[in-house]
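Subject: Handover of a structure and findings

Dear colleague,

Please find below the structure that I am handing over to you. I would be grateful if you could read the notes that follow alongside it.

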Amino acid sequence: MITFLGDVALISNELTSEYKPNNPYIFNCEYVIGNKEELKPVTGKINLCSEKYNFSEIFGRNPVAVSVVNNHIYDYGEIGFQSTVTRLKNSGIGIISQNPYYLNDNICLLSYMSFGETNEVAFDSEKVKKEINRIKEKNESVKVIIQIHWGIENHPSINENQRKVGHLLIDMGADLVIGHHPHCIQPIELYKGKYICYSLGNGLFGNINQPSHYDDNGVPKRIYRFKWQSWNRKSL
């Protein structure tokens, strides 16, 4: 059994979680892990970064793997991304990306982004289809789980792009689709006998109080503050 926890970002102090999985678990790692004083922020956006990654203390054990395909993992550029990946790997945590990650001989995970209707991010369906086909050709019994970053933040309902892409992933051979990014729970759909979980909500996401919208000289133009509401603190 695998547990999926949704979006996680340890960007606040004194974070605790009621989720203590007894089995391997996976989440979407939606922040840069590193020392932001040593990293160069990307300009003009909300930048999430923290040196905290004490997942075993919070959840009782480290995740077996995390997705790193989201809109915050490059908040401090390629160096910030590599800082995150290095720390995760050094802790024995697997990296789920557009490259196949095999949890075991029977389960393979991939991760993508697809934003439609707002903040367009292209989704290359042909590449995804070829990847799923390659995996299935090696072993037709392998279950392919797709994690996908999509939808609109704080919207409990799905949009047409999510429905279209979710159905397409199942049609292309995915056995389960796990969505994140809206930071609240969205519906689960049974499509052609396979589940699409449109958004699991926040697994654990600290309130945001971060310098943001940096200029080219690395000077923040704003302090972005956001306190999550009750519906943001729930997760499937």
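Predicted model: local features only at pLDDT ≥ 70, side-chain atom pairs only at ≥ 80, totals over all residues.

Helix α4 covers residues 160-171. At the start of the helix, a side-chain oxygen of Asn159 comes to within 3.2 Å of the backbone nitrogen of Asn161. Asn161 is itself one of the buried residues of α4, a set that also holds Gln162, Val165, Gly166, His167, Leu169 and Ile170. After α4 comes Gly173, which has a positive phi, near 120 degrees.

The structure contains six salt bridges. Side chains of opposite charge can pair when their charged atoms come close. One of the salt bridges joins the side chains of Asp171 and Lys192, with an N to O distance of 2.8 Å. Because Asp171 belongs to helix α4 and Lys192 to the loop between β11 and β12, this pair ties together parts that are 21 residues apart in sequence. Asp171 counts as partly exposed, at 44% relative accessibility, while Lys192 is exposed, with a relative accessible area of 61%.

A further salt bridge is formed by Asp175 and Lys194, whose closest N and O atoms are 3.2 Å apart. This pair also links distant parts of the chain, since Asp175 sits in the loop between α4 and β10 and Lys194 in strand β12, 19 residues apart. Asp175 is buried, with a relative accessible area of 16%, and Lys194 is partly exposed, at 25%. Through salt bridges that share partners, Lys136, Asp175 and Lys194 are joined into one network.

Asp215 and Lys221 form another salt bridge, their closest N and O atoms lying 3.4 Å apart. Lys221 is exposed, with a relative accessible area of 58%.

Finally, Ile2 lies in the segment before β1 (3-9). At 21% relative accessibility, Ile2 counts as partly exposed. Leaving aside residues up to four places away in sequence, Ile2 touches Asn23, Pro24, Ile26, Leu103, Ile107 and Ile145. The C-alpha atoms of Ile2 and Gly60 are separated by 15 Å, and the two residues are 58 residues apart along the chain.

With kind regards

Terms used. Residues numbered from 1 in each chain as written. Heavy atoms only, no water. Helix = DSSP H or I, 4+ residues; strand = E, 2+ residues; numbered from the N terminus. Expected span 1.5 Å × (residues − 1). Buried < 20%, exposed > 50% of the residue type's maximum accessible area, 1.4 Å probe, protein only. Polar contact = N/O pair within 3.5 Å; in protein donor to acceptor, adjacent residues only side chain to side chain. Contact = heavy atoms within 4.5 Å. Salt bridge = Lys/Arg side-chain N within 4 Å of Asp/Glu carboxyl O.
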